[in-house]
Amino acid sequence: MSGAEEGRETSSGIEVEASDLSLSLTGDDGGPNRTSTESRGTDTESSGEDKDSDSMEDTGHYSINDENRVHDHSEEEEEEEEEEEEQPRRHVQRKRANRDQDSSDDERALEDWVSSETSALPRPRWQALPALRERELGSSARFVYEACGARVFVQRFRLQHGLEAHTGCVNTLHFNQRGTWLASGSDDLKVVVWDWVRRQPVLDFESGHKSNVFQAKFLPNSGDSTLAMCARDGQVRVAELSATQCCKNTKRVAQHKGASHKLALEPDSPCTFLSAGEDAVVFTIDLRQDRPASKLVVTKEKEKKVGLYTIYVNPANTHQFAVGGRDQFVRIYDQRKIDENENNGVLKKFCPHHLSSWPVTMMKTFTSSTPLTVMGPSMLKDIRATEIMPQVRLSF
């Protein structure tokens, strides 16, 4: 009996454990009588849980998509920022490429123009043998001028020497009167005097300027002992050279309020020359005076100053000089007749027809007998300048 009772207890214990296990699986604390009904409930609940789990899985899937979207959006923003940063670079690169292309196009156009002007030109008018014969007979007074400009010689130009001493751009070159020395000025603020035949520098000195040297010229009849210089800093300086091939000193003789680009020498004067600057002022400089510089004229157009870039003295009449600058006019002055109250001191004024913008009612125009030659990569033609003077100045 005791063994049977023990078997029943163990079996009942197994049943109890099984019922507890079923209850724990179903999540209900009720008794064994509710297992069937609750199993149905558990089936429905399990199906609901499956649906819920599916929905949760779906929502989890959606939440992952949202995270991916946020991540993708941040990546898109980063890409947009990178594109915005790269746009200026691309723009600069595009500009640089266009500039390079334009420069290459210009160079190609220039080469095409040069080749067209040198290959298909008519037969040269100047012939060497007939010209030499005429010179021997004394019937050719312009032999040198015609020979120097002859195409047969110009087309034979080749590089003869390369002179290296400067570390910056070379802005100016000037031979002495005998043609034995060559002066060069550069952005490195130095002036070098060359014995160009031997390809050696005779003299190398600091100009004393604070910015780019634009011109350095030997003064005529000075024994190659005086150099006049001008530069971007507006200074006009004079260098005194010694026979021992050294520079004694440089001194400032004039000061423009803008850059001074050019000097104009008088052909036979070792002491006087002119300078022009972007401040529209022309200085006359006489090295024999204690104060060498005196203001000669201020170039104006209708009370507005015109910055000057070039100046040249008439070799046939050293009282006259021409200037050119920021507008379209070439002005001629006479040092003896400058009156700024009358036509701003201008003796004559010239302008190409296509650049003239004065009203016709305020001027008289007539064609000068001297043509101006305008050359460019795509054109080569002669145009005649127009002299422009106020109507009150003209008398017929």
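Begin by selecting Glu301, Asp327, Arg331 and Lys349, which are linked in a network of salt bridges, a salt bridge being a side-chain nitrogen of Lys or Arg within 4 Å of a carboxyl oxygen of Asp or Glu. This is a predicted model, in which local features need pLDDT of at least 70 and side-chain atom pairs count only at pLDDT 80 or more, while totals for chains, interfaces and linings use all residues. Residues are numbered from 1 along each chain as its sequence is written, and side-chain values use heavy atoms, with hydrogens and water left out.

Next, select Arg336 and Asp334, which form a salt bridge whose closest N and O atoms are 3.0 Å apart. Asp334 is buried, with a relative accessible area of 2%, whereas Arg336 is exposed at 52%.

Move on to Asp286 and Arg288, where the side chains meet in a salt bridge of 2.9 Å, N to O. Here Asp286 counts as buried at 13% relative accessibility, while Arg288 is exposed, with a relative accessible area of 61%. The structure as a whole holds 9 salt bridges.

Now turn to Thr226, which lies in strand E6 (residues 226-231) and is buried, with a relative accessible area of 12%. Leaving aside residues up to four places away in sequence, Thr226 touches Lys217, Phe218, Leu219, Val238, Ala239 and Leu287, contact meaning heavy atoms within 4.5 Å.

Finally, select Glu78, Glu79, Glu80, Glu81, Glu82, Glu83 and Glu84, which form a negative surface patch. Patches are made of residues with over 30% relative accessible area and no salt bridge, like charges being joined within 9 Å and nonpolar side chains (Val, Leu, Ile, Met, Phe, Trp, Tyr) within 5 Å. One of these residues, Glu81, has its place in helix H2 (residues 35-119) and is partly exposed, with a relative accessible area of 48%.

Notes: Areas by Shrake-Rupley, 256 points an atom, 1.4 Å probe, with all protein chains shown as cover. Lys, Arg positive; Asp, Glu negative; His and termini not counted. Charge placed at Lys NZ, Arg CZ, Asp CG, Glu CD. Helix = DSSP H or I, 4+ residues; strand = E, 2+ residues; numbered from the N terminus. Buried < 20%, exposed > 50% of the residue type's maximum accessible area, 1.4 Å probe, protein only.
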